[in-house]
Amino acid sequence: MSKHVVVIGAGVAGLATAALLLREGMRVTVVDKQRSVGGRAGSLELDGFRFDTGPSWYLMPEAFDEFFRACGTTTARELDLVDLSPAYRVVNEDGESIDIDTGVDNVVALFESLEPGAGDKVRAYLSRASDVYAVALRNFLYTTFSRPTQLLSKDALTRLGTLALLLTRSLNALVAAQFKDYRLRQILTYPAVFLSTEPKAAPALYSLMSHTDLVEGVRYPLGGFAAVVDAIARQADGATFELGTAVAAITHAEGRATGVTLDDGRTIPADAVVSAADLHHTETALLPKELQTYPERYFARRDPGLGTVLVFLGVKGSLPQLAHHTLLFSKDWTPDFKAVYHGPEPTRPLGASQSIYVSKTSATDSSVGPEGYENLFILVPVPADESYGHGDAYGAKESARVSAIANAAVAQLGSWLGIEDLEGRVVVKRTLGPGDFAEQYNSWSGGAVGPAHTLRQSAFFRGRNQSRTLSNLYYAGGTTVPGVGVPMCLISAHNVLTRMKEQAVY
């Protein structure tokens, strides 16, 4: 008889893990307390509008291609991808706007126009970023770090000096040493936020992120990330789903996980358990203290990363001032990062960043709202602190703080882009706050993305994807290796299977 695996969590990592396990002949049961799949990559429908409530940038296409290939299909067969042009727009408080067109030559031309001499420098920067990205993909992402020799591949060893330099400097320092114009520095360092951290804390190794947006380009899956979730879920057809039911505990005996107990009292036996839930929740809520690989004291020394207030707007009329992706960056964004990562900042009294992100999916996808209206998703970085409270998107009472941050973001958007009547044109408005992430997804400290990718929380320092106390308990998702984001969650599913194969679990 085939072995039975219980997967905790029906987000991207849980669905992907289930799909890959099915391909190996396993019986799979997926359990999630939500009544629908997708986890943080959720979807919200309101008055004719459909909003993605989580990821919105389609980057690292290799990870999607590899996942669908492993499932016997292709990305082209599963998703309808549109290349975005411009890839994104950057706007500051003076209303100055820069469109970013991807491709090395386009980026070189832009940099040269803003800072003479910067063109050649960014060409070299992107060349190295692309090279390091390829090395990381082969050596640092699709790996379990179970053996030191995994880090000693030929291509890693031949770049040892470069890798050492990039690991011992911050992304901010690397870029500041080469470019003077603050706009160019921001374009090259903002991807740190994708990694749930800030440019001063992200290792320069993450300069590789510029390969994904500036070289490979930015795409949009028609139907949004809801379509991505549906495509991944299709690959898990054949698994048994227990939705609307939470896991109360992971059962165990003689150093092995034996299944899970549900909040309704039922027990599901299993030959192995994969938790794609938040790692902090898995370890501190589902296991007794004596079996915790990562106890509470471990998390006391870790950085939970980025919190967010999300604002979903349906707006009457067109908004040509916004591209599909628009980044509003303060010219001096140091106070923005201070407010989010380093405690109260007097110049940001709401405790929120003024550097925010806006997605206008209606620029590309007519299915996300009624004709003649725009669909906006606004992401406001805040501390990962669930005391900020809830939004009202899921029926909770919106906290005063989340409401104030959301209103300030809408006012800022209108002011910076010169849309004087924006607030009066809003016909739908809902919000989510850190309290929602804690309640809905058991997110540690109310974080929206996952633990920050600082040096101490990257690669093999990020932990391992297997329990040290229960030999058949594994971890997947953005809170474990290799890291945050949908592509990383897909890769984490591959790594769980690799770990199982290393141990001859099947």
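Colleague: Which residue meets Arg 40 in a salt bridge?

Modeller: In this predicted model, local features need pLDDT of at least 70 and side-chain atom pairs count only at pLDDT 80 or more, while totals for chains, interfaces and linings use all residues. Residues are numbered from 1 along each chain as its sequence is written, and side-chain values use heavy atoms, with hydrogens and water left out. A salt bridge is a side-chain nitrogen of Lys or Arg within 4 Å of a carboxyl oxygen of Asp or Glu. At 3.6 Å from N to O, the partner of Arg 40 is Asp 278.

Colleague: How many residues apart in sequence are the parts that this pair ties together?

Modeller: Helices (H or I, at least four residues) and strands (E, at least two) are DSSP runs, numbered from the N terminus. Arg 40 lies in the loop between β2 (27–32) and β3 (43–46), and Asp 278 lies in the loop between β13 (272–275) and α12 (279–285). The pair therefore ties together parts whose separation in sequence is 238 residues.

Colleague: Is Asp 278 buried or exposed?

Modeller: Buried means under 20% relative accessible area, exposed over 50%, and partly exposed in between (1.4 Å probe, protein chains only). Arg 40 has a relative accessible area of 22% and is partly exposed. With a relative accessible area of 6%, Asp 278 is buried.

Colleague: Which strands hold Asp 99 and Arg 89?

Modeller: Asp 99 and Arg 89 form a salt bridge, with their closest N and O atoms 2.6 Å apart. The pair ties together parts that are 10 residues apart in sequence, because Asp 99 lies in strand β7 (residues 97–100) and Arg 89 in strand β6 (residues 88–91). Asp 99 is partly exposed at 33% relative accessible area, whereas Arg 89 is buried at 13%. The strands are β7 for Asp 99 and β6 for Arg 89.

Colleague: How many salt bridges does the count come to?

Modeller: Another pair is Arg 266 with Asp 264, whose closest N and O atoms are 2.9 Å apart. Salt bridges that share partners also join Glu 96, Asp 181 and Arg 183 into one network. By the rule given above, the count of salt bridges comes to 17.

Colleague: How many disulfides does the structure hold?

Modeller: A disulfide is a pair of cysteine sulfur atoms within 2.5 Å. The sulfur of Cys 489 is 15 Å from the closest cysteine sulfur, that of Cys 71, and therefore too far for a bond. Cys 71 is buried, with a relative accessible area of 8%, and Cys 489 is buried at 12%. The number of disulfides is zero.

Colleague: How many of the residues of α18 are buried?

Modeller: Helix α18 (residues 486–502) has 17 residues and reaches 25 Å from its first C-alpha to its last, close to the 24 Å expected. The expected span is 1.5 Å times one less than the number of residues in the helix. Helix α18 is largely enclosed by the rest of the structure, because the buried residues number 14 of the 17.
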